[in-house]
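Below are some notes on the pockets and the ligand site. Please read them beside the structure.

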Amino acid sequence: MLSAKNIALSFGATPALRGVDFELRSGECVTVVGPSGSGKSTLLFCLAGILTPDRGEVTWQGKPLSRLDDETRAAIRLRDFGIVLQFARLVPELSLLENVMLPLLLTGARRREAARRALHLLERLGVATHADRRPAQVSGGQAQRAAIARAVVHEPTVVFADEPTGALDRQTGDVALRMLFELVEESGSSLVMVTHDERLATRATRVIRLADGRADPTEP
Ligand SMILES: Nc1ncnc2c1ncn2[C@@H]1O[C@H](COP(=O)(O)OP(=O)(O)O)[C@@H](O)[C@H]1O
Ligand SMILES: [Mg+2]
């Protein structure tokens, strides 16, 4: 479904990825682990079509992402992918509800239906009472739950998560993670999750271990 072949990417003189292979099949949950600076985020951004590797190719449903025009790639990202990062990165001018509605509105849903689905998700995530507040008016954990809702509301084929609870305390983070797993499972999405929490690797169907821009060949 989603695969990468020997992808490499440098930032100036700094090699972030030095030739990594990746394969995601439908319904799988792959976690990417490794020390800080090992290239986890860079790999995730390449897979999600946000960064283009210098070498190698990322293929989505048989199509090489880098050879699609920007418009087609943007449409794939909008419709087929959902992404949640370490810090919520919600649109600051919009309410939590409007933030969660965004992926639906951008893919052609009617406003009423979008609002209904977004509110339903916020309810499940326990932040519906703050639906009309802007991100700056809620806690980090509440904003992150809205970010999780935004990443799954359009039932994307793949959800990408880059240390989605890394900025939260342990308890708040664990609750948010449990919800993310639950929602991903329900919508039948696949999940690519970057984490340095080895405990999470146990929930994965597969683990990719990165070290210094390479997949660790000693992985079991
Ligand atoms: N935008 C950037 N500009 C310059 N160097 C970067 C940038 N993003 C990442 N790097 C470098 O690439 C390497 C891999 O980074 P990253 O993928 O963020 O690792 P991780 O997510 O595992 O911590 C690091 O050496 C980092 O400093
Ligand atoms: Mg990172």
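1. β6 (81-84) gives the largest share of the lining of the largest pocket, 4 residues; α2 (70-80), α3 (96-106) and α5 (140-152) each supply at least two. Helices (H or I, at least four residues) and strands (E, at least two) are DSSP runs, numbered from the N terminus. This is a predicted model, in which local features need pLDDT of at least 70 and side-chain atom pairs pLDDT 80 or more, while totals for chains, interfaces and linings use all residues. Residues are numbered from 1 along each chain as its sequence is written, chains are lettered from A and ligands numbered from 1 in the order written, and side-chain values use heavy atoms, without hydrogens and water.

2. Of the 22 residues lining the largest pocket, R77, L78, F81, G82 and I83 lie nearest its centre. By class the lining has 17 nonpolar, 2 polar and 3 charged residues.

3. The second largest pocket is lined by residues including R117, H120, R124, E155 and E186. α4 (111-124) and α6 (170-186) each give two or more residues to this lining, and α4 gives the most, with 4.

4. A polar side-chain atom of T42 lies 2.5 Å from an oxygen atom of ligand 1. A backbone N or O atom of G37 is 2.7 Å from a ligand 1 oxygen atom.

Conventions:
Polar contact = N/O pair within 3.5 Å; in protein donor to acceptor, adjacent residues only side chain to side chain. 1 Å grid on protein atoms, 1.4 Å probe; cavity = no way out; pocket = protein on both sides within 12 Å on 5 of 7 lines; lining within 4 Å. Nonpolar A, V, L, I, M, F, W, Y, C, P; charged D, E, K, R; others polar.
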